[in-house]
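Please read them with the structure open beside you.

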Amino acid sequence: LYEYPNDLAYKSLGTIEVYHYQPGLRAPTVTDVMPKLKAKAASVGGNALIVRSHQVGQFERSISITAEVLTIEF
């Protein structure tokens with residue numbers, strides 16, 4: 001998600017942080033880390049997340065992501 005859902009009930013479960021190192025010639029992106037983010041959100045009971053910030057590290061080999069975890073009632 002990019003923002004809170006307007007038409008669904010939700011509860012914020014707090015924030016998570018994920019660090020990812022990716023060797024190679026290409027800088028990592030949020031998309032590269034999405035499986036890790038989803039797994040971590042699910043481990044705390046969430047079924048959705050909103051990426052709040054991300055920063056590519058030194059030498060463009062790592063990325064740090066902070067996301068807010070939500071539980072959305074469908």
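1. I begin with Val-69, whose contacts, once neighbours within four places in sequence are left aside, are with Lys-11, Ser-12, Leu-13, Gly-14, Ile-16, Ala-41, Val-44, Gly-46 and Ala-48. Please keep in mind throughout that this is a predicted model.

2. Val-69 itself is found in strand β3, and its relative accessible area is 1%, so it falls under the 20% limit and counts as buried. The C-alpha atom of Val-69 is separated by 9.1 Å from that of Lys-40, although the two residues are 29 apart along the chain.

3. Seen as a whole, the chain has 1 helix and 3 strands, and from the N terminus on these elements follow the order β-α-β-β. The C-alpha atoms fill a box of roughly 40 × 20 × 15 Å along the principal axes, and among contacts with a separation of 6 or more, 64% are between residues 24 or more positions apart.

4. Which residues make up the largest nonpolar core? The set has 11 residues in all, namely Ile-16, Val-18, Val-30, Val-33, Leu-37, Ala-41, Leu-49, Ile-63, Ile-65, Ala-67 and Val-69. At least two residues of this core come from each of β1, α1 (30-43) and β3 (62-73).

5. Val-30, one of the core residues, deserves a separate look. Not counting residues up to four places away in sequence, Val-30 touches Leu-37, Val-51, His-54, Ile-63 and Ile-65, and of these partners Leu-37, Ile-63 and Ile-65 are listed in the core as well.

6. The side chain of His-20 is joined to that of Lys-36 by a polar contact of 3.4 Å. Beyond residues up to four places away in sequence, His-20 touches Pro-28, Val-33, Lys-36, Arg-61, Ser-62 and Ile-63, and both Val-33 and Ile-63 belong to the largest nonpolar core.

Notes. Residues are numbered from 1 along each chain as its sequence is written. This is a predicted model: local features need pLDDT of at least 70, side-chain atom pairs count only at pLDDT 80 or more; totals for chains, interfaces and linings use all residues. Side-chain values use heavy atoms; hydrogens and water are left out. Helices (H or I, at least four residues) and strands (E, at least two) are DSSP runs, numbered from the N terminus. Contact means heavy atoms within 4.5 Å. A polar contact is a pair of N or O atoms within 3.5 Å; within protein, one must be able to donate a hydrogen and the other to accept it, and residues adjacent in sequence count only if both atoms are side-chain atoms. A nonpolar core is a set of buried Ala, Val, Leu, Ile, Met, Phe, Trp, Tyr and Cys residues joined through side-chain atoms within 4.5 Å. Buried means under 20% relative accessible area, exposed over 50%, partly exposed in between (1.4 Å probe, protein chains only).
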